[in-house]
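Trainee: I have a new model open and I would like to learn how to read it. Where do we start?

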Amino acid sequence: MPTSEIRVGLIGYGPAGSFFHAPLIAATPGLRLSAVVTRDSARAEQVRQDHPDAEVVESADDLWSRSDLVVIASPNRTHVPLAQEAIKRGLPVVVDKPLTGTAAEARDLVRQAGDRGSMLTVFQNRRWDGDFLTIRRLLPELGDVHRFESRFERWRPVPKGGWREMGGPDEIAGVLYDLGSHLVDQALQLFGPVSHVYAESDVRRAGVRADDDAFIALTHTGGTRSHLWMSAVTAQLGPRFRVLGSRGAYVKWGLDPQEERLRAGERPGTPGVVWGADPSERWGSLGADGDTRTVPTEPGAYPEFYAGVAACLLEGAPPPVAPESAAETVAVLEAAARSAATGSTVVMKQADPA
């Protein structure tokens, strides 16, 4: 591994690669986007415009020798084989969420990376949403949290097409795994492991094959219940967060602005701009009815993910997302899919005490 600059090879230049990974990599000291895999001519031209110093190649086979770090932002079904190949070659790897479709696959990847001594981490970027960071800060003021409500809802009555909507289980498509990867991960980070999982999953729009409306209920071993909604068919959106505790509640409307700004072409590090700052009209409220106060949202911090990757590879720091935690998220999603298919509550197997 080089000691000053890491060549980053990016597989995929769809929305995940172009709006999230490539800009954040380019903004991170110590990392250099060296090559991008895409076979799409329009996307290849976009790479050349966005990152003129990066080489465009047509396959992962052309990428390995050009990279010190591999980032996998290709369709979900490709995550496992590409990550396995990178690990086999001794390359550290970042995998976009979801890591895999099953817990067994996820744990096997973690084992393979450990055996080879290669860094494996997962792009659970919503751990750096400003509103999520705000909840972490406010937990002591909320007391014992008995219910955590979290939503990623959209209004898309006309399908956009593509594998996320039209793919089947083999594509790991649909909102349960797509948006649910974020919501479940956040709930686990805040309130720890779960004992029971109940879920509902439906296809609401004509011509769509993958689930576009889902709900997950988690019972955490510590007593908190998490209720998580993810949908493409919500005509009036609910609050992004509602956290109910023994001392008060926190309610927050509106999404973290970082994705919106990245899609608009804004980049971290712009002089005079506080990256991830939430407009004051979106700030949440803390307290109880009749006695609430507005709470400024912590600035969002997506750049910290790749700064953590660089620190891991150059300084020996832990990876920004432990792969074991991403595997646990997959285990809960797998249980949710089973619950939705059977109409039953799934009891999670707890790890044996050390």
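Trainee: How many aromatic pairs does the count come to?

Mentor: Keep in mind that this is a predicted model. Rings pair if their centres lie within 6.5 Å. By this rule the count comes to nine aromatic pairs.

Trainee: How are the planes of Phe215 and Trp229 set: stacked, edge-to-face or tilted?

Mentor: Planes under 30 degrees apart count as stacked, over 60 as edge-to-face, and the rest as tilted. The planes of Phe215 and Trp229 meet at 50°, so this pair is tilted. Their ring centres are 5.2 Å apart.

Trainee: Which parts does the pair tie together?

Mentor: Look up where each residue lies. Phe215 is in strand S9 (residues 213-220), and Trp229 is in strand S10 (residues 225-231). The pair therefore links parts that are 14 residues apart in sequence.

Trainee: Is Phe215 buried or exposed?

Mentor: Buried means under 20% relative accessible area. Phe215 has 14% relative accessibility, so it counts as buried. Trp229 has a relative accessible area of 24% and is partly exposed.

Trainee: What lies over the face of Trp229?

Mentor: Look for a charged end above the ring. Here Arg151 lies over the face of Trp229, 4.0 Å from the ring centre. Phe241 has a charge over its ring too: the charged end of Arg240 sits 4.0 Å from the centre.

Trainee: Which residues form one aromatic cluster?

Mentor: Phe20, Phe123, Trp128, Tyr302, Phe305 and Tyr306 do.

Trainee: What is Ile11 in contact with?

Mentor: Set aside neighbours within four places in sequence. Ile11 then touches Val37, Ala60, Leu63, Trp64, Val70, Val71, Ile72, Ala73, Ser74 and Leu82.

Trainee: Which residues of H10 are buried, and what covers them?

Mentor: An α-helix has 3.6 residues a turn, so residues three or four places apart point the same way. In H10 the buried residues are Phe305, Tyr306, Gly308, Val309, Ala310, Ala311, Cys312 and Leu313. Their cover includes strands S1 (6-11), S2 (31-37), S4 (69-72), S5 (93-96) and S6 (120-123), along with helix H1 (15-26).

Trainee: How many residues of H8 are buried?

Mentor: H8 (residues 180-191) is mostly covered, with eleven of its twelve residues buried. Among them are His182, Asp185 and Gln186. H8 reaches 16 Å from first C-alpha to last, close to the 16 Å expected.

Trainee: What do the buried residues of H3 pack against?

Mentor: They pack against S1, S4, S5 and helix H4 (103-116). In H3 (residues 79-88) the buried residues are His79, Val80, Leu82, Ala83, Ala86 and Ile87.

Trainee: What follows H10?

Mentor: Gly316 follows H10, and its phi is positive, near 80°. Gly192 follows H8, also with a positive phi near 80°. H3 is followed by Gly90, with a positive phi near 75°.

Trainee: Where is Ile172 placed?

Mentor: Ile172 sits in the loop between helix H6 (163-166) and helix H7 (175-178). Its phi is positive, near 55°, in a residue other than glycine. With 12% relative accessibility, Ile172 counts as buried.

Trainee: Which residues does a cis peptide bond join?

Mentor: Read omega. Lys97 and Pro98 are joined by a cis peptide bond, with omega about -10°. Pro98 lies in the loop between S5 and H4.

Trainee: Which residues do the UniProt domain annotations cover?

Mentor: The unreviewed UniProt entry gives "Gfo/Idh/MocA-like oxidoreductase N-terminal" for residues 6-122. Over residues 6-122 the chain is 39% helix and 23% strand. Over residues 141-346 the chain is 30% helix and 26% strand.

Conventions:
Residues numbered from 1 in each chain as written. Predicted model: local features only at pLDDT ≥ 70, side-chain atom pairs only at ≥ 80, totals over all residues. Heavy atoms only, no water. Contact = heavy atoms within 4.5 Å. Buried < 20%, exposed > 50% of the residue type's maximum accessible area, 1.4 Å probe, protein only. Helix = DSSP H or I, 4+ residues; strand = E, 2+ residues; numbered from the N terminus. Phe/Tyr/Trp six-rings, centres within 6.5 Å; stacked < 30°, edge-to-face > 60°. Lys NZ or Arg CZ within 6 Å of the ring centre and 35° of its normal. UniProt positions renumbered as here; feature names shortened; annotations may be inferred. Expected span 1.5 Å × (residues − 1).
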